[in-house]
Amino acid sequence: MSDSSAMNTELKLTDQVYSGDPLQDRETDQYRNEYVMSFVEKWDELIDWRARAESEGQFFIDVLRARGKETVLDVATGTGFHSVRLTEAGFNVTSADGSAAMLAKAFENGQARGLILKTVQADWRWLNRDIQGKYDAIICLGNSFTHLYEEADRRRALAEFYAALKHDGVLILDQRNYDTMLDEGFSSKHKYYYCGDKVSAEPSYIDEGLARMLYSFPDGAQYTLNLCPIRKNYVRRLLSEAGFQRVRTYGDFQETYAENDPDFFVHVAEKSTMHLVRWGSGKRQPGETDVRDIAEGYYDSDDADTFYSTIWGGEDLHIGIYGNTRNIRAASDETVDRMAATVPGLNESTRILDIGAGYGGAMRRVCKTYGCTATCLNISETQNDYNRAKTRGAGLADKIDVVHGVFEDIPQADASYDVVWSQDAILHSDQRETVLDEVWRVLKPGGYFVFTDPCQADNVPEGVLQPVYDRLQLNSLGSFRFYREAAEARGFEVLGQEDMTAQLRTHYDRVREELLANYDKLRESGVSTRYLDKMAVGLANWVKAADDGHLAWGIQLFRKPA
């Protein structure tokens, strides 16, 4: 990307320009010789705006809205697909690109849809020279970052992106899955990005320093792009070294990167993990740690997210029932089915609130089975992003909402739900009485509270559970007696407390087995040795505590009288 004062020769070119050996054209500025007007005019055939909008759904809109972002800088506008979509969704978008030809087409596409795009031609390496102010979010999409060949250019561009963001800004950057292309060869679903069903897009040549993409159109026209095939973990490292505090990677919008062979990776990099608003109204002493911050940080971490999505299968992370299976995924589904069966009258008119919803698999299963509508309330925005994507992929976005928040201060109206549901989440609160108060408040008269929670036994010697607490940085556990007495004190009818502690023991033993069996795979996926080793010890401590009779677990059902 050359200085913006240079002549925009691509506006006049009809043929792409390469040297005598195109495979040696490996420079950042080469794109100016490639995005000629004749190619740009065909670019929308390759994308197919309608098909691409269907494939990615609300992914980027959800990610931005969930984080409260309003102003967006689209630094790789291309022909304007994302600038237009985000503008139509209500975001304040500035459209930037290094290619004058692309910007001209983007402006034309905006006009055709009744929009006047705010466009600026800018080289990423000098971005802040050409833009004004700071933004809530920057998007760099369409595999555009791989036009940068030199690491110095990549680092310079990321530094410019970082500087152009507000203190709590977010960068969304995507790339092709070059890892698989380099290691196993090219195979495209042709589903998520380049959706034109009459256009082919595939590499004619690839090595560690060049992916030469060939685009063939129905009229026989062919164009090429020389790109640098940078690997996923390399990009994640660059983002971290540029100063971004949290980097979450998705594959093809619908999957996490722990799943196999997406066509594209999407990195969501947050500049700051500091919260502007604290949780709820609980009073803390100066310097005292809020356990909700601990829970949020734990589940938002790459280590925890990759571990749980890999070992549990990416639908949930709760305790399973193993009477008919040893498979963690199937056992988890059995728990959901058993819980749903204990609640009378689930049907299309039932509204459910799942507090501590994790990846949301329980509500997807229940809503699909019974036709209910649901709200998933959860503290981890990483898990919430994943939940939204999986819910869209399951065709249930019209039935399930995903809300970021805590169950000590539920952001829902009084008497608004028929059922409150929770699986193995309330243990993370040190205000469990407040959680029950909130459950009572949001339940309709006659509504049910069905939940599981890892508990201590009713009578446990002082101090013996500290190794259990340490795995998840807890400071206590509830008990069946605590929940029974606290519920009755608030007016709940206790309809059942089914003791299924043997399932807890089996579950944590199975998880530990899977951790050890998949240790190398988890390390390759980026999970730290420190996390895995600590988890292995922690799970062993839970199994021992269950064997010693110090833990309890089971399905509990309470009812708010009509």
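**Exercise 1.** How many of the six residues of strand E9 (residues 246-251) are buried?

*Solution.* Before you start, note that this is a predicted model, where local features need pLDDT of at least 70, side-chain atom pairs count only at pLDDT 80 or more, and totals for chains, interfaces and linings use all residues. Residues are numbered from 1 along each chain as its sequence is written, and side-chain values use heavy atoms, with hydrogens and water left out.

Step 1: Strands (E, at least two residues) and helices (H or I, at least four) are DSSP runs, numbered from the N terminus. Buried means under 20% relative accessible area, exposed over 50%, and partly exposed in between (1.4 Å probe, protein chains only).

Step 2: count. Six of the six residues of E9 are buried, so the strand is largely enclosed by the rest of the structure.

Step 3: look at each face. Arg246, Arg248 and Tyr250 are buried on one side, and Val247, Thr249 and Gly251 are buried on the other.

Step 4: find a neighbour. E9 pairs with strand E11 (residues 264-270) in the antiparallel sense, over six bridges; two strands count as paired if DSSP finds at least two bridges between them. Tyr250, for example, has Val266 of E11 as its bridge partner.

**Exercise 2.** How many disulfides does the structure hold?

*Solution.* A disulfide is a covalent bond between the sulfur atoms of two cysteines. The cut-off here is a pair of cysteine sulfur atoms within 2.5 Å.

Step 1: apply the cut-off. The structure holds zero disulfides. Cys372 is in none, and its nearest cysteine sulfur, that of Cys367, is 5.6 Å away. For Cys376, the closest cysteine sulfur is also in Cys367, but at 7.6 Å, which is too far for a bond.

Step 2: check the surroundings. Cys372 is buried at a relative accessible area of 0%, and Cys376 is buried with a value of 0%.

**Exercise 3.** Which residues of helix H14 (residues 361-370) are buried, and what covers them?

*Solution.* Step 1: list the residues. They are Gly361, Ala362, Met363, Arg364, Val366 and Cys367.

Step 1: look around them. The cover includes helix H13 (328-342), strand E13 (373-378) and helix H15 (381-393).

Step 2: Just after H14, Gly371 takes a positive phi of about 80°.

**Exercise 4.** Where is Ser144, and is this residue buried or exposed?

*Solution.* Ser144 is in the loop between strand E4 (135-140) and helix H8 (151-164).

Step 1: check accessibility. With a relative accessible area of 13%, Ser144 is buried.

Step 2: find its partners. A polar atom of the Ser144 side chain lies 2.7 Å from the backbone oxygen of Leu141. Leaving out residues up to four places away in sequence, Ser144 touches Ala76, Trp124 and Asp174, where a contact means heavy atoms within 4.5 Å.

**Exercise 5.** What is the mean pLDDT of the protein, and where does pLDDT stay under 50?

*Solution.* Step 1: start with the term. pLDDT is the predictor's confidence in each residue, from 0 to 100.

Step 1: read the overall value. The mean is 86, and 89% of the residues reach 70 or more.

Step 2: pLDDT stays under 50 over residues 1-5 and over residues 274-288. Where pLDDT is low, the predicted coordinates should not be read in detail.

How values were computed. A polar contact is a pair of N or O atoms within 3.5 Å; within protein, one must be able to donate a hydrogen and the other to accept it, and residues adjacent in sequence count only if both atoms are side-chain atoms.
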